Amino acid sequence: MYHKLKIWMNGELVDWNDAKIHVMSHVAHYGSSTFEGIRCYDTAKGSAILFLDEHVRRLWESSKIYRIEIPYSEAEIKDAIIATVKANEHKACYIRPLVYRGQGALGVNPHRASIEVAIATWEWGAYLGEDVLENGVDVKVSSWHRLAPNTLPSWAKAGGNYMNSQLIKMEAISDGYAEGLSLDQNGYVAEGSGENIFVVRHNILYTPFAGQSILPGFTRHAVMDIAKRLGYEVRETLIPRESLYIADEIFLTGTAAEITPVRSVDKYPIGQEKRGPVTEALQHEYLKVVRSGEDPYNWLTFI
Ligand code: PMP
């Protein structure tokens with residue numbers, strides 16, 4: 001069914017099957033791309049894109065870090081995202097804008113390669129599986145660490161960075177877990193392969209700070225706003241691995257994962273081995289916005 005969808009490529013909507021790149025594109029050899037993962041929700045007030053401005057800004061920031069100059073304006077890409085969602089007649093979907101280095105350079109130096117932009121959309125359910133929002137997922141601490149500073153920049157959402165995420169994810173899946181957690185170069189908890197992490201202990205929320213080799217996600221930020229509004233204290237701090245095992249609750253946050261409870265880490269049961277009350281309160285508030293379309297936080301762009 002994907003073949004019926006359109007993809008926006010360098011200014012025009014083309015058929016899914018025609019949205020191709022050349023094998024000698026720089027990105028195929030060296031991972032030179034930046035991208036975003038965005039959700040459009042079917043709210044009670046109509047379809048709305050969550051954190052559109054923030055995602056497009058981050059696409060520019062990731063690209064700037066990797067010295068990629070996007071040959072469009074942010075406003076043009078926002079319009080193109082909305083046009084693609086409309087052309088594909090989605091009520092709800094996942095949106096993937098991608099900036100990549102194309103042909104023109106065969107060596108590592110990318111400067112002669114063209115810069116291309118594509119936007120794909122498709123319908124997508126729960127990222128870590130159905131019913132996980134209630135029952136939670138089993139995760140393991142990965143033997144792979146998160147990118148160390150001065151290796152690859154973790155604040156950039158860039159293709160090559162996700163080789164690290166793939167190692168973490170593949171190890172977790174092959175060992176029978178839904179997700180892997182990475183530790184930073186000093187052995188403190190960093191994040192999931194595609195999610196940020198929160199630990200709840202004695203009703204206080206703990207999360208790694210943004211400089212700790214994580215991608216500082218918008219869902220993470222939203223959860224911090226909700227938590228403060230609901231009266232919870234949030235501390236951005238170092239999280240030792242062992243604090244996971246004795247946590248009252250743990251949950252993962254991300255555009256795809258939303259707010260997903262963790263029911264075990266390394267086979268240690270967490271809390272009651274299902275969604276705990278703090279996770280539930282935060283999840284309820286988050287899902288209320290994206291389902292009802294009532295938007296006191298100003299997160300949504302209706303299309
Ligand atoms: N960390 C990583 C490595 C990710 O890929 C993602 C998903 N973009 C996140 C965290 C969560 O970010 P966001 O809430 O903005 O989706």
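Analyst: Start with the patch: patches are made of residues with over 30% relative accessible area and no salt bridge, where like charges are joined within 9 Å and nonpolar side chains (Val, Leu, Ile, Met, Phe, Trp, Tyr) within 5 Å. The areas come from the Shrake-Rupley method with a 1.4 Å probe, and for residues only the protein chains shown count as cover. This is a predicted model, in which local features need pLDDT of at least 70 and side-chain atom pairs count only at pLDDT 80 or more, while totals for chains, interfaces and linings use all residues. Residues are numbered from 1 along each chain as its sequence is written, and side-chain values use heavy atoms, with hydrogens and water left out.

User: Which residues form a nonpolar patch on the surface?

Analyst: The patch consists of V23, M24 and L106, which together have about 310 Å² of accessible area. L106 sits in the loop between β6 (93-101) and β7 (115-122). Helices (H or I, at least four residues) and strands (E, at least two) are DSSP runs, numbered from the N terminus.

User: Is L106 buried or exposed?

Analyst: Buried means under 20% relative accessible area, exposed means over 50%, and partly exposed lies in between (1.4 Å probe, protein chains only). L106 has a relative accessible area of 63%, so L106 is exposed.

User: Now the inside. Which residues touch the most other members of the largest nonpolar core?

Analyst: A nonpolar core is a set of buried Ala, Val, Leu, Ile, Met, Phe, Trp, Tyr and Cys residues joined through side-chain atoms within 4.5 Å. The largest one here has 26 residues, and those touching the most other members are L50, L205, F251, L282, Y286 and W299. At least two residues of this core come from each of β5 (46-50), β11 (196-201), α6 (218-229) and α8 (277-292). Domain 1 (2-122) and domain 2 (132-292) each give this core at least three residues.

User: What is L205 in contact with, leaving aside its neighbours within four places in sequence?

Analyst: Contact means heavy atoms within 4.5 Å. On that basis, and with those neighbours left aside, the partners of L205 include F198, V223, F251, V278 and L282.

User: How are the two domains placed?

Analyst: Domain bounds come from an automatic or database domain assignment. The centres of domain 1 and domain 2, taken over C-alpha atoms, are separated by 26 Å. Across the boundary, 22 residues of domain 1 are in contact with 22 residues of domain 2.

User: How many salt bridges does the structure hold?

Analyst: Side chains of opposite charge can pair when their charged atoms come close. A salt bridge is a side-chain nitrogen of Lys or Arg within 4 Å of a carboxyl oxygen of Asp or Glu. The structure holds 16 of them. One of these joins the side chains of E36 and R58 at 2.8 Å, N to O. E36 is buried at 0% relative accessible area, and R58 is buried at 8%.

User: Why are E61 and R57 separated by about one helical turn?

Analyst: Because E61 and R57 are four residues apart in helix α2. They form a salt bridge whose closest N and O atoms are 3.4 Å apart. E61 is partly exposed at 41%, and R57 is partly exposed at 38%. R57, E61 and E74 are linked in a network of salt bridges.

User: Where do D138 and R263 lie?

Analyst: The side chains of D138 and R263 meet in a salt bridge of 3.0 Å, N to O. D138 is in strand β8 (residues 137-141) and R263 in strand β15 (residues 258-265), so the pair ties together parts that are 125 residues apart in sequence. D138 is partly exposed at 25%, as is R263 at 27%.

User: Finally, what does A222 touch, not counting residues up to four places away in sequence?

Analyst: A222 touches F51, Y286 and W299 on that count. A222 lies in helix α6 and is buried at 1% relative accessibility.
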